[in-house]
Every structure is written in structure tokens, then in C-alpha cells.
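This report asks the reader to follow a model of two chains from their overall build down to single residues. Please keep the sequence and the three-dimensional view at hand while reading.

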Amino acid sequence: MKIETLKREWVGNIRGDVLAGMVVALALIPEAIAFSIIAGVDPMVGLYASFCIAIVISIVGGRPGMISAATGAMALLMVTLIAEHGLQYLLAATILTGVIQILFGVFKLSRVMKFVPRSVMVGFVNALAILIFQAQLTHFVGETWIMYALVALTLAIIYIFPRVTKAVPSTLVAIIIITSITIFGNIDSKTVGDLGNLTQQLPVFLIPSIPFNLETLMIILPYSLSLAIVGLTETLLTANIVDDMTDTESNKNRESRGQGIANIVAGFFGGMAGCAMIGQSGINVKSGGRGRLSTFIAGVFLMILIIVLGDLLVQIPMAALVGVMFMVSIGTFDWSSLTNLHKLPKTDAVVMLTTVAIVLVTHDLSKGVLAGVLLSAIFFAAKISKVKVTDELVHESTKRIYYVHGQLFFASVNDFVKKFAYVDSVREVEIDLSNAHLWDDSAIGALDKIEMKFEQNNIQIIYSGLNKDSARLKNKIGGLSKASGH
Amino acid sequence: MFEKIVLASDGSEHSLRSTTHAIELAEKFNGTIDVVYVVDGQTAKSDVLHNNGKLEIAKKRHEKMKPVVDLLERSDVEYSIHILHGEAGPTIVEFTNENGFDCVVIGSRGLNDLQTFILGSVSHKVAKRVNCPVLIVK
């Protein structure tokens, strides 16, 4: 890489990057803790992950100024793995996720993202928002009105405080106020400390203590695959949003590879898998962060805060975190998709709703994405498999010309073959294919079949107007199916 | 007096009123109009979500500005369109102050009451911090 680029990305915007990085670090703390609690691990796992991923991605990522750390989308995928097999398996799965993502980057598979339709992406963020919201509801079980009041107060502060100043993240202000209220008011409310431990030390390098055998691999592989897919989906979506917000370009393959390296490092240092964050990246850009330095500072400052504030962090009431998570959920949901639902093409709306439904049932975002992609592929095939055939009689009713409009391939040939009158009084038939395209051997097979049927009725048939590609395909495999007697 | 005019607009029906006023002003003073449409973070997110790729996004945004462009085309005023990124208020202020404009024309509405309560009104922010006269169209 050129020295100039390196210089611009690291020290081109020092003041803005340092300030924005610090703001992001402050905003990251409650989220990293809350996402750990969603996953069912100690808050340290999310905090270490956020520290490692932010630092590593700032160096090896492909989108300067984007923030990656522990995220809700990833945390939601880990729940059963942790419940059934424990933390060590999660760390191993995190490392394997990284390996898979590096392969994605090396084989330049970010291009595949183009095949994830917009309606699936909208379904993805909406399902994610609903799941994060749902995950908070358990914290209300058995709680008194105090919990509800504190959550409401948290939300009020989060949404109204920005009117006073935007220099400090309002989530942080809410956390500080609510924590002070419970500490000084002696209010008995569940805290972060009740749900897990928080140690004030730097992460250390550890190899996950799991049996290294095929059985272990088979346990973690499905989780790692899901994590890799979901992580890259959210990362590349976030990269596109940051590209647009800053009016600049980014290297998506380098980013995929970078996410992989970051997750491997996180796994070895006791962190859970993460990915890019839409909300935090937005905060970074809005606070003036543009370069790699902003992400780096976010990671470093986060670690400093943990070491300095560890004692206080465990005293944060869950009510405050639940409030922050509600805000994350509201911010993640694509509200315009609700107001525009009736304006969308019906198939798009169905794809979006199906993606959401599958995720809500399986609690697995990757399954929703796969189902959505599959469904829209089917809809697409259905849409383009509509072939129109019109005809006219010429030469004093001795010849009929058929005009074919559309795409001929495996999904469209069945109906296509039925569109001709094989028993006819004409002597000659011409099939004009100048507005059609032949795509596969099914199309060629269909043409052979049509030819045969007409010949059986003693009608001469010619094909005309084949475009170059179609003609080449027909010459290559045409006549085979007829010769073999089908 | 008002020769270099900034017109802040999001292509909405309400901003068309500001457009007609800006045109009248420009015609009177033989001035030019620079239309500014600011894409904020929320809009960037939903535009990226709902469109395939950069070209489609750019096309959609230009389409959004089309009613404004149509009005300007019908007048004889020289104009240009700028699509900027950031928070609406500060971005309009920065663009205006840095390029030495003589006047900003901006609509008073756009957001609903709740949004105005939480975010504050853009026109108010612009009027407070811009270095030239501001015409707020009701």
C-alpha cells in the first residue's frame, strides 16, 4: 500500500478521530456488556471482544472509520452454543469463524453479497431489532414497577438529552444518571454484577481448552458458519452505509479478511465473535471520525475505561442496559419498510416478511438470510419464466409465424412447449426467436421437442432470429436429445 | 444584494414553496441558486438498505429533487444541485459560510412535532449560525 494512503488513513484527521474514538468507546461499554448478557457470558467476554476487534480491524480492515466490536446479531447466534457447551467452545467457534471469513476475503466472495436482495437485508435488520427487543423482556420477569420506571427514565434521557448537547453520548449520560439514582437512592435493583463477573485486567493469550477432535469441530462448525455469514452480511451493509455517509470508497474483500483476522485474535484473547456495527459507526462518523485512528482509539480507550471503572461498571443497573438495548432495537429497525410496505412489489414484501418470520422462529439470522435469498431466487425465476408467444398467418394461410418473447430455461420451457398448435392446417411454421434468449440445455431440448412434434404432423418448421449466444448453444447441444429418441 | 443564494431543500412538497421564493429573489437580483440537499445518517442507512448499489442511490436522490429542478428549469435562473452528507443543520451552515453566500432560503417545516421536539428544527439552527441573511418560508 502507498505511504500516502497509509498516512491519510491514520493521521489525516487526528483531532476528529481521537475525539470521535473516545465518544465511541463510551457508547460501546453499555452495548458490549448488554450483548454479553444476551449471549449468556460474563461481561468481560464482550468487552475483550470489542477491545481486540476494534484494535485489529483498525489496522487490517478495508473501511477506515467503521467501528467493529461485539454485536447483538452475533451474540444472538451464540446463545445455544454457550448454554449447551460453555465458553471454551464459543472461543473456539470464534476462531473458526475468523478462519471462514478470511477464506471469504481471499476468494473475493464479497461479490456474492450482490445476490442478497434488498428485501432480505431489510428483513435482516428488522428481525435483528425484534430479537434484541425480545431478549430484554426476560429482565422484566418478577420485577416491580421500579424496573419499568427506571427503563422509561433511561429512554427519556437517551432521546431528550441530545437537545442539550451532542458532545457526550446520551446513552452514557442515561447510564450515569440511572446508576447514581440506584446507588445514592439505595434502590434495590438487579445490576450487571448480579449476572456476571468483571475483572479489571488486560486480556491474555489463551488457547481454548477444548478437545481437538472431529466431534468438537462438528459442534462448532454450524455456529461458525452462521456467525461468519451474519458477521459479513452486517459488516458489508455497514460498510456501504459508511461509504455513503462519508462519500468515499472502501475495499470490501480486505474488510472480509480483516473481520476474520479480528475474530481470530478475539477468540485467542477470550472474546466473542463480533462484526461491524451500524449504530456505532454512525456515532463515529457523526462525531467527526473518518480515519483508522478513530477505530483504534475507540478500542484503546475502551480498555482504559474498563481498567479504571471496573468497580463502577458492575453497579450499573440492568434497567439502564435494557433501556439502551431498546434504543439499539428502535435504531436498528427499518421503520420506512413499515410505512412503505403497501407500496412495495408484493414479492418483495413477502420476501421481507418471510425473512423476519424465519429468524423469529429459528432465532438464527443466517437461516433467515438463506431462506430469503432462496425465496427471492424462486420469485425471480417465476417472474422471468413468463414467456409470451404470439402468432400470425401469412402466405394465404399456408404458413404460421410464432413470435417468442422471453427467457427460455429450465423453469420456463414446460409452459413454452404447450403454447403451439401442433395440429394445424398450415404447411409451414416459422418460430421467430429474435426476442428470446436460450439459456440452458432444457431450452434446446424444448426446441427439439417442438420441432419433432411439428414434423410428426407433417409441418415444416424453421427457427429464425436466434441471437449469437443462443445460436452457439443450439449448435453445441442441439439435436442431441432428438437423436437419443426423447 | 442577494446574488448568491443557497436553497436548502429535500425535494418535499413543502420545500417547493421555498423554491418559488428563492426563484423570485434570484430573478429580482439577477442571482444564482445553489440547491443543497443534505443526506443524514438515518437517510443514508435507509437509502443503502432499499437500493442496489451506488448508481441506484444517486439516481433515486436526483429523482427526489426533480420537482425542485423542474421549477428551476422553468425559470431563467442559473442553478446547481449539491447533494451533501451529514446532519442537515450544521452541514447547511458550513456550506453557506465557507462559500460566501448572500442569502439562505429554507422551509420552516419538514419534520413532525415529535421529531422537532427531539431533534430541534433545522431552520432554527441555520438561522442562528449562518453568517448571512436567512429567509424562512412558512
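## Chain B as a whole

In chain B, 79% of the contacts between residues at least 6 apart in sequence join residues at least 24 apart; two residues are in contact if their C-beta atoms, placed from the backbone, lie within 7 Å. This is a predicted model, in which local features need pLDDT of at least 70 and side-chain atom pairs count only at pLDDT 80 or more, while totals for chains, interfaces and linings use all residues. Residues are numbered from 1 along each chain as its sequence is written, and chains are lettered from A and ligands numbered from 1 in the order in which they are written.

Chain B has seven helices and five strands; helices (H or I, at least four residues) and strands (E, at least two) are DSSP runs, numbered from the N terminus. Starting at the N terminus, the order of elements in chain B is β-α-β-α-α-α-β-α-β-α-α-β. The radius of gyration of chain B is 15 Å, close to the 14 Å that the globule rule gives for 138 residues, so chain B is as compact as a globular protein of that length. Here the radius of gyration is taken over C-alpha atoms, and the globule rule is 2.2 Å times the number of residues to the power 0.38. Along the principal axes, the C-alpha atoms of chain B fill a box of roughly 45 × 35 × 25 Å.

Of the 138 residues in chain B, 36% are buried. A residue is buried if 20 or more other C-beta atoms lie within 10 Å of its own, exposed if 12 or fewer, and partly exposed in between, with C-beta atoms placed from the backbone.

## Chain A as a whole

The secondary structure of chain A consists of 21 helices and six strands. Its radius of gyration is 29 Å, well over the 23 Å that the globule rule gives for 486 residues, so chain A is more spread out than a compact globule. The C-alpha trace of chain A spans about 100 × 50 × 45 Å along its principal axes.

Chain A is divided into domain 1 (3-331) and domain 2 (388-483), with bounds that come from an automatic or database domain assignment. The centres of these two domains, taken over C-alpha atoms, are 58 Å apart. Buried residues account for 47% of the 486 residues in chain A. Among the contacts in chain A with a separation of 6 or more, 85% are between residues 24 or more positions apart.

## Where the chains meet

How many residues of chain B are in contact with chain A? There are 15, and they meet 19 residues of chain A. Helix H2 (residues 41-50) of chain B supplies the largest share of this side, eight residues. By class, the side of chain B that touches chain A has five nonpolar, seven polar and three charged residues. In this scheme Ala, Val, Leu, Ile, Met, Phe, Trp, Tyr, Cys and Pro count as nonpolar, Asp, Glu, Lys and Arg as charged, and the others, Gly among them, as polar.

H2(B) is mostly covered, as seven of its ten residues are buried. Among them are B:Lys45, B:Asp47 and B:His50. The buried residues of H2(B) pack against H6, H10 and helix H12 (278-286) of chain A, and also against E2, helix H3 (53-64) and strand E3 (78-85) of chain B.

## Helix H17 of chain A

The 20 residues of helix H17 (residues 365-384) of chain A should span 28 Å at 1.5 Å a residue, and the end C-alpha atoms are 28 Å apart, which agrees. The expected span is 1.5 Å times one less than the number of residues.

The buried residues of H17(A) are A:Leu365, A:Ser366, A:Gly368, A:Val369, A:Gly372 and A:Ser376. Seen down the helix axis, they fall within an arc of 155°, so they line one face of H17(A); the arc is that of the directions from the helix axis to the C-beta atoms. These buried residues pack against helix H4 (72-85), helix H6 (118-137), helix H10 (214-246) and helix H16 (346-362) of chain A.

## Single residues

A:Leu293 lies in helix H13 (residues 292-313) of chain A. A:Leu293 is buried, with 23 other C-beta atoms within 10 Å. Leaving out residues up to four places away in sequence, A:Leu293 touches A:Trp10, A:Val11, A:Ile14, A:Asp17, A:Val18 and A:Gly21.

Most residues other than glycine have a negative phi. A:Ser397, however, has a positive phi near 65°, and is found in the loop between strand E3 (388-394) and strand E4 (399-408) of chain A. B:Asn30 also has a positive phi, of about 55°, and lies in the loop between helix H1 (13-29) and strand E2 (32-39) of chain B. A:Ser397 counts as exposed, with 10 C-beta neighbours inside 10 Å, and B:Asn30 counts as exposed with 11.
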